[in-house]
Amino acid sequence: MHWLINRLGRAILTIVGTVSLSFVMIRLIPGGPLDYLRGQIRNQNPGMSSDAIDALVEAQAAINPDQSIVEQYVSYMSSVFQGDLGTSTWYGDPVNQILIEALPWTLFVMALSLLFTFAIGIGLGAVMAYKEGSRFDYTFSSVSIFFNSIPYYVLGVLFLFVLSYQMDLFPTGGRSSDAVPVGFSVAFLLDALYHAALPVLSFVLTRFGFQALAMRGNSINVLGENYLRAAKIRGLPGRRIAFQYVGRNAVLPLYTTLMISIGTMFGGAVILEEIFAYPGIGYYMFQAIDARDYPLMMGAFIIITTAIVAAILFADLTYGLIDPRASGGETRETY
Amino acid sequence: MSPGKDVVLDVEGARVQFEMDRGVARVLDDVDLSVSREEIFGIVGESGSGKSMLAASMLDAVEDPGVLSGSITYYPSPDEPVDILELSAEELRQLRWEEIAMVFQGALDSFNPTLRIGQHFQETLSAHNVDRQSGMERARELLSDLYLEPEQVLASHPHELSGGMRQRALIALALLLEPEVLVMDEPTGALDLLMQRSILSLIKKLQRKYNLTIVFISHDLPLVANLADRIGVMYAFDLVEVGTAEDVVEGARHPYTRALLKAVPNLETPYAEMQPIAGRAPDPVSVPKGCSYAERCPLADDQCLDVHPPYDDLTDEHRVACYYPEEAPAAIPLPFEDQSVERPDDPPEAAGAAPGKEGSR
Amino acid sequence: MDADSPFRAYEVERRTRRQRWAYKWDLYVASPLRVVWSDWRTRVGVLIVVFYLLMGTVGVVLVPPPETNQGALHTQPFQTMAHPLGTDGLGQDMISLIVHATPPMLEMMLSGGVFATGVATVLGTLAGYRAGRIDSVLTTVMDMATAIPGLPLAIVVATILQPESPWVVGIVLTINVWAGLGRSIRSQVLTLRESDYVEASRTMRIRTPNIIARDIVPNIMPYITINFVNAGRIVIFSSVALYFLGVLPFTNTHWGVTMNRAYRNSGALYSLGASYTLLIPMIAIIVLSLGLVLLSQGADRIFNPRVRARRSKTISDSEDPGTGGAR
C-alpha cells in the first residue's frame with residue numbers, strides 16, 4: 001500500500017515537474033516565446049510604443065501584469081490542472097479541445113505499433129534462441145540489427161516515397177477518408193487501419209529487431225538456468241517447459257523495456273505524424289512549432305508527458321501481477 | 001565392486017566426451033562403480049574432476065554437447081536389470097524422478113522463480129500421472145520430515161524462502177515420487193556451515209526412514225566422511241580410490257587421496273601442516289597416457305608415466321588405482337595418522353567434524 | 001582452472017610485476033581486440049566508424065566545402081566526374097554536403113555522449129554508493145526525468161533556444177538520456193557496493209573517493225562505454241530528425257538539412273528525378289548508425305562474460321554446463 005502511494009506520488013510529481021518546466025520555458029527563458037511575440041508585434045506595428053506592445057503581449061499570452069512571478073506560476077499551475085491549457089494562437093481554439101480530439105489517434109497508432117513490435121519480437125526471439133547458432137538464428141540476428149539501425153522516420157520517408165507517391169498504394173496523409181463516416185463500423189475501422197498502416201509499419205520494422213535480440217538473449221540465459229535443467233529431469237512436458245519456464249522467465253525482463261518503449265515511441269510519434277501528415281498530438285505539436293504557437297506546443301508536450309506517465313504507472317502497477325518477485329515492490333530495480 | 005552385495009546401480013566404463021575447438025575433451029574417463037542398495041555412497045573430488053558428470057550420467061542426463069557411452073544399469077530388484085542408456089525417451093522420462101531422483105549443484109536456483117513451491121510439486125505429480133491428492137499428502141509429510149511448515153512453504157514463491165529452506169524443499173521435491181536412488185550433487189555448496197550440518201543430519205534421517213540409496217557428491221572430504229558408508233575419490237575424470245569411509249579416511253593409499261586429506265582446510269589444523277597440492281590437474285583434451293596424477297606425485301616413476309595403473313584390490317571393499325599403495329603412507333604422512341575417526345553412526349551433533357580434528361591436539 | 005580451485009591463490013602469489021602487466025595487457029587490450037576482430041560483424045562496425053572519423057578529419061581537407069552553384073542545379077549522380085554523386089537543387093555537390101556534415105555530426109555525438117554518460121555516471125554512482133537520503137532524492141529525480149519523453153522535450157527546448165553550436169545541440173538532444181542511464185548505473189553500483197572486494201576496501205579504511213575510482217568505476221566502465229555509443233546514436237537519430245523537420249536553425253551543414261531541402265524544395269517525394277538528394281544523406285545516416293549498432297553489440301559481447309564463456313569452452317564449462325562452474 002505504501003508502495004502504491006509512493007508510485008502515485010511520483011507520477012503526480014513528474015507531471016507537476018513537467019508543467020513547471022513548461023512554465024519556466026515559456027516565461028523565463030531570454031529569447032523565449034514572450035520575446036518572440038514582442039518582436040512579432042513590433043514588426044507588424046512599427047509605430048507602437050513599447051508599453052503598448054507589452055500590454056498586447058500580456059493580453060495574448062494571458063499574463064496578468066499585476067501578479068508577481070510566483071503568483072503567475074500558481075495561477076498557471078492551477079489553470080493547467082483544471083484542464084485549461086490556454087488558447088491556440090494559430091487555430092484560435094482552446095488547446096485542450098484540439099489535443100483531446102487528436103489524442104485517440106496517436107494512442108491508436110502507438111498501441112498497434114507496440115503490439116506488433118512485441119508480438120513479433122518475442123516470437124522471433126524465442127525461435128532464434130531455440131535454434132541458437134543455426135542459419136535461421138544468424139540470418140534473423142543480422143536482419144534485426146540492420147533494421148534496428150534505420151531511423152524510423154527515414155523508413156517512413158522511404159515508404160511515403162515508394163508506396164504512397166510512386167506506387168500509389170497507400171494514402172500520403174490524413175487519418176481517415178472523408179468518404180467514410182466516423183463511427184463504430186467495420187468500414188471505418190478498416191479505413192483507419194489503412195491510414196495508420198505506414199506509420200505503424202515504420203515503427204514496427206525498425207524496432208522489432210531490438211526486442212527480438214533482447215528476447216533471444218533472455219531465453220538463452222534461461223536455457224542455462226538450473227531450474228530449467230531440473231524441470232527437464234523431472235520429466236515435465238515440453239509445452240509446460242516452453243511456456244511456464246522459458247517463455248515466462250524470458251519475457252519478464254522485457255516488461256521494463258516495454259515501459260521505456262512507451263516513452264521513446266511516443267516521442268517518435270511526434271516525428272512520424274509530421275512526416276505522414278497524420279493529425280495526432282505530434283502533428284499539432286509541429287504545426288505549433290511552425291506557427292510559433294507556444295500554448296499549443298506546450299500543451300502537446302504536457303499531454304504527451306501525462307500520457308506516458310500514466311502508461312508507465314499502469315505498466316508498473318500491473319507488473320506485480322506477472323512477476324511474484326515484484327510484489328514487495330521496493331526491491332525491484334528498473335533497468 | 002562387490003558381487004555379493006545387493007547392487008542397485010552399476011556403472012561400467014562410463015565415458016563422457018565432447019568436441020571442442022582444441023580437440024575432443026573427455027570429462028569422464030571409463031568410470032566403473034557399483035552402488036549398493038540403501039547405502040550412502042560419497043564421491044569426492046575437486047571441481048573439474050568430473051564428479052558432476054558422473055552424477056548426471058547416472059540419470060543419463062549429461063547435457064549437450066556431451067556424449068555419454070558405456071553402460072549404466074539400474075536394478076529395481078536384484079534380478080531385473082534396466083539398462084538406462086538403452087531406454088526410450090518416454091521410459092527414461094518415467095525412470096527419472098520415479099526411480100532415480102537428483103538434487104542439483106546450485107540448488108538455490110533449482111526452482112522456477114515465477115512459480116510457487118506447491119506448483120512445482122503439482123506439476124511433477126501430473127507429469128508422472130500420480131494422484132494429486134495422495135501425492136500432495138506425501139509432499140506435506142516430506143516437508144514436515146524436513147522441519148518445514150508444509151502449507152506455508154507450498155504457498156510461497158522461491159524468493160520468499162531462505163537458502164536452507166529452499167534446499168530442504170528441493171530435497172522434498174526430489175523424494176516426492178518415492179525414488180529408490182537419490183543423487184545429490186554438492187547439495188550443501190551454497191549453505192553456511194551450520195546449515196550444512198543440519199541438512200546432513202536430515203539426509204541421514206530420511207535415508208533411514210525411506211530406505212533410500214543416496215549418492216552424495218562433494219568437494220568436501222571431511223563432510224562426506226561423516227555421512228557416507230563408502231567413498232570414491234575422483235581425480236582427473238576417474239575414480240582413483242574406492243573403499244569404506246574408514247578405509248579412505250584412515251587408511252588412504254592413493255597419493256592423491258592422502259594429498260587431499262592434507263590439503264583440507266581446517267580451523268584446527270596448524271597452518272604449517274596444511275599444504276596445497278603443487279601442480280595442476282590434467283587437461284581433459286590431453287589426459288596423460290599413464291597415471292593422471294603422476295605429474296604431481298612424489299612416488300611417480302617411469303611406469304607411472306607410461307602405463308595407466310589398474311585397480312589394486314587391497315581388500316574386498318578397498319581398491320586403489322596406484323602401483324605403490326604400500327609406499328604411499330610413508331611418502332605422504334598425515335598428521336592424524338593412527339588416530340581414530342568419528343564414524344557416520346555417531347549422533348548428528350558430531351556431524352561435520354573433520355577427520356583432522358584429533359591430529360591438531 | 002576454476003576460480004574455486006584451491007590451487008589458484010597459490011599461483012597468483014608467485015606472479016611478478018611484469019607478468020601482472022602482461023596479464024593486464026592481455027585482459028584489457030589484446031583479448032578484447034581479438035574478440036572484436038574474430039567476429040565479422042563487430043569488425044565491420046569498427047571499419048565503418050573509422051571511415052566516418054576519417055571523413056570528418058581527413059575528408060574535409062580533401063573535399064571542397066559545399067557552395068551554392070558549385071555545379072549545375074540537379075545534376076544526376078554518376079553523370080560527371082566533377083560531381084560523381086550529383087548536385088542538389090542549389091547546385092551544391094552531394095559529396096561535399098555529406099563530407100562536410102560529418103564534423104558537426106561527430107561534435108554533436110561527442111558532446112551528447114560525454115554529457116549523457118558523464119552526468120549519469122556522477123549521479124548514478126553517488127546515489128548507488130551513498131544510499132540513504134541522497135539516494136532516494138536522486139533516484140526520484142532520475143525516475144521523474146526518465147518519464148519525461150526525451151524527444152518532445154528536446155524539440156521544445158530546441159524550438160525555444162534555437163541552438164547553433166554543434167556542442168550545444170548535442171547536449172539539447174540528450175537532455176534526459178542521462179536519467180535512465182544514471183538509474184541503471186545506480187543499481188549496478190548498488191550491487192558492486194555489496195561485493196566482497198569493495199567490502200574489503202572499506203574494511204581497510206580506504207577513502208570513499210578512492211574506492212569509487214579504483215573499485216567501482218572500472219567495473220561499470222564497459223557499461224558506460226556501450227552507452228556512450230548508444231547516446232551517440234540517439235544524437236544521430238534526433239539531430240537528423242530535427243534538422244529534417246526544420247526545428248533546428250540551418251547554421252550547420254547537416255544530413256538532415258540536405259534531406260529537408262530535398263523534401264521541401266526539390267520535391268524529392270513526388271519526382272523520381274530528385275529522389276537521390278533524399279536518398280544519399282539517408283544512406284549516410286543508416287550506414288553510420290549501423291556501424292554504431294554493430295560496435296555496441298560487439299562491445300556487449302566482449303564485456304558480457306556469459307556470452308564470452310559460451311564462446312570459449314573452458315574446462316569449467318564441461319564440469320557444469322551452462323552455469324559457469326564457479327558457484
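A polar contact is a pair of N or O atoms within 3.5 Å; within protein, one atom must be able to donate a hydrogen and the other to accept it, and residues adjacent in sequence count only if both atoms are side-chain atoms. Keep that in mind for the tour. What you have open is a predicted model, where local features need pLDDT of at least 70 and side-chain atom pairs count only at pLDDT 80 or more, while totals for chains, interfaces and linings use all residues. Residues are numbered from 1 along each chain as its sequence is written, chains are lettered from A in the order in which they are written, and side-chain values use heavy atoms, with hydrogens and water left out.

**Stop 1: chains C and A**

Select chain C and chain A together. Here 54 residues of chain C are in contact (heavy atoms within 4.5 Å) with 57 residues of chain A. The pair buries about 4,800 Å², 70% of it on carbon and sulfur atoms; buried area is the accessible area (1.4 Å probe) that two parts lose on being put together, summed over both. Now pick I160(C), L245(C) and L269(C): they supply 13% of the area that chain C buries against chain A, more than any other three residues.

How many residue pairs are in polar contact between chain C and chain A? There are six, with both residues at pLDDT 80 or more. Next, colour α13 of chain C (275-303). With 11 residues, α13(C) gives the most to the side of chain C that touches chain A. Helices are DSSP runs of H or I, at least four residues, numbered from the N terminus.

Zoom in on E274(A) and R264(C). They form a salt bridge, and their closest N and O atoms are 3.8 Å apart. The rule wants a side-chain nitrogen of Lys or Arg within 4 Å of a carboxyl oxygen of Asp or Glu, and it finds two such bridges across this interface.

**Stop 2: chains B and A**

Which residue of chain B forms a salt bridge with R229(A)? Look for E63(B), with the closest N and O atoms 3.4 Å apart. The interface of chain B and chain A has three salt bridges, and 12 residue pairs in polar contact.

Note on methods
Helix = DSSP H or I, 4+ residues; strand = E, 2+ residues; numbered from the N terminus.
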